[in-house]
Amino acid sequence: MNAAAQSSSTRAAIAGARSVVVKIGSAAITDLNDGLDVERLDRLADALEHRMASGSDVIVVSSGAIGAGLAPLGLRRRPSDLATKQAAAIVGQLALTHAWGTSFGRYGRVVGQVLLTAHDISRRSHHANAQRALDRLRSLGAVAVVNENDAVATNEIRFGDNDRLAALVAHLAGAEALVLLSDIDGLYDGDPRKATDEHPVRFIAEVDGPEDLDGVIAGSGGALGTGGMASKLAAAKLAADGGIPVLLAAAADAETALRDASVGTAFAPRPDRMSARRFWVRHAAETHGRLVLDDGAVDAVRRRRSLLAAGVSDVYGGFSAGDVVELVDQRGALCARGVAGYGAEDVVVMMGRRTDALPAELRGPVVHADDLALL
């Protein structure tokens with residue numbers, strides 16, 4: 001259904017990006033019977049090498065560890081329990097990394113494995129360490145292959161899928177484009193596998209704003225992965241919100257997708273790229289508490305003004321200064337996230353009081369405007 005090549009400023013930006021994060025879905029390189037498909041992985045490495053040879057830095061976010069571990073362990077389907085998933089990941093991660101290393105070795109390139117958990121992204125110090133590690137790998141000429149650390153991640157601290165991880169890594173690394181490659185050739189307003197003459201589906205080539213997603217129904221993942229269209233759409237929106245253009249395309253079209261971005265669905269970025277700190281606060285940070293604001297404070301926050309103590313009417317959670325907290329209105333609706341300037345005990349003392357009525361050491365903003373991220 002996606003026969004015609006597409007052209008747009010978004011596609012031009014992706015094609016010309018000097019740094020790209022490319023996410024490879026499980027279904028693109030594994031199957032239930034034989035595990036890793038080295039031939040398909042090699043073709044993807046060829047396409048990635050061509051992009052790098054043209055002058056772009058590339059970070060690979062590769063799913064497939066669990067899928068690669070199924071066949072060696074004699075498992076016929078993706079497990080549903082955490083312990084078996086972790087066992088499959090432990091076996092499969094070794095095979096996956098070796099396969100990428102061998103494939104890129106044909107071009108004299110060194111591969112570096114980077115395993116992350118949601119905790120590594122949510123804590124600011126870990127986030128900064130991951131950023132430095134990726135930057136240093138690139139400066140040394142190595143190809144970073146990133147995956148979620150399935151062997152230690154629990155259901156409570158998972159990214160949920162590597163699509164979201166790829167979007168977060170793209171922003172963390174300062175990438176200029178994100179390319180999501182899987183067994184899906186782009187975005188449709190329904191499931192193309194269920195299309196009929198009576199109930200056709202429409203291919204969506206360009207997403208320039210929320211209105212282009214009206215009526216889109218996105219499904220969950222398949223037998224080998226946790227993603228599916230719902231997670232790819234969420235990841236594309238997340239990255240685009242951070243100012244990064246996104247291309248969603250089939251892994252079979254990787255060469256074209258990475259050469260001129262003329263296939264798949266292109267997601268336009270917001271005009272102004274969000275700062276790395278504000279993006280982290282909004283999308284990646286773990287929250288540790290909640291502040292309830294009066295109507296005047298909600299209005300001020302929405303106009304990107306600092307949150308002062310007088311506008312806080314209630315405090316929940318045991319957060320410390322520097323932790324990220326949620327800001328909600330009187331009805332409990334979330335309006336922003338922000339970095340707390342004081343710990344919970346201090347804010348309890350401060351709340352509802354004018355600044356000039358507070359001790360000198362408590363007269364700063366509860367959340368500074370520079371540390372606010374609207375939702």
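**Notebook: helix packing and selected residues**

Entry 1. I looked up helix α8 (residues 162-172) and helix α11 (residues 276-284), whose axes lie 10 Å apart and which pack at an angle of about 160°. I took axes as lines fitted to C-alpha atoms, for helices over the stretch in contact, with angles running from 0 to 180 degrees between N-to-C directions. Helices (H or I, at least four residues) and strands (E, at least two) are DSSP runs, numbered from the N terminus. I record α8 and α11 as roughly antiparallel to each other; the term applies to angles over 145 degrees, while those under 35 count as roughly parallel, 65 to 115 as roughly perpendicular and the rest as oblique. I noted a left-handed crossing for α8 and α11, where left-handed means that the near helix is turned anticlockwise from the far one by less than a right angle, and right-handed that it is turned clockwise.

I then listed the contact: R164, A167, L168 and H171 of α8 with A276, F279, H283 and A284 of α11. Contact here means heavy atoms within 4.5 Å. By class, I found five nonpolar, two polar and one charged residues in the contact of α8 with α11 (Ala, Val, Leu, Ile, Met, Phe, Trp, Tyr, Cys and Pro count as nonpolar, Asp, Glu, Lys and Arg as charged, and the others, Gly among them, as polar).

Entry 2. I recorded the source of the values: this is a predicted model, in which local features need pLDDT of at least 70 and side-chain atom pairs count only at pLDDT 80 or more, whereas totals for chains, interfaces and linings use all residues. Residues are numbered from 1 along each chain as its sequence is written, and side-chain values use heavy atoms, with hydrogens and water left out.

Entry 3. I turned to helix α3 (residues 38-53) and helix α5 (residues 82-105), whose axes come within 9 Å and cross at roughly 50°. I therefore record α3 and α5 as oblique to each other. The crossing in which α3 passes α5 is right-handed. On the α3 side I listed L41, D42, L44, A45, L48, E49 and M52, which meet L96, A99, W100, S103 and F104 in α5. The contact of α3 with α5 has nine nonpolar, one polar and two charged residues by class.

Entry 4. I examined D329, placed in the loop between β15 (324-328) and β16 (334-339). D329 has a relative accessible area of 5% and is buried (buried means under 20% relative accessible area, exposed over 50%, partly exposed in between, with a 1.4 Å probe and protein chains only). I found that the D329 side chain reaches the backbone nitrogen of R331 at 2.9 Å. Leaving out residues up to four places away in sequence, D329 touches V292, L293 and V298.

Entry 5. A261 has a positive phi of about 55° although it is not a glycine; A261 sits in the loop between α10 (254-259) and β12 (265-267). At 0% relative accessibility, A261 is buried. R304, also not a glycine, has a positive phi near 60°. I placed R304 in the loop between α12 (295-302) and β14 (312-316), and with a relative accessible area of 39% R304 is partly exposed.

Entry 6. A250 counts as buried at 10% relative accessibility. Not counting residues up to four places away in sequence, A250 touches L181, S182, I184 and D185.

Terms used: Polar contact = N/O pair within 3.5 Å; in protein donor to acceptor, adjacent residues only side chain to side chain.
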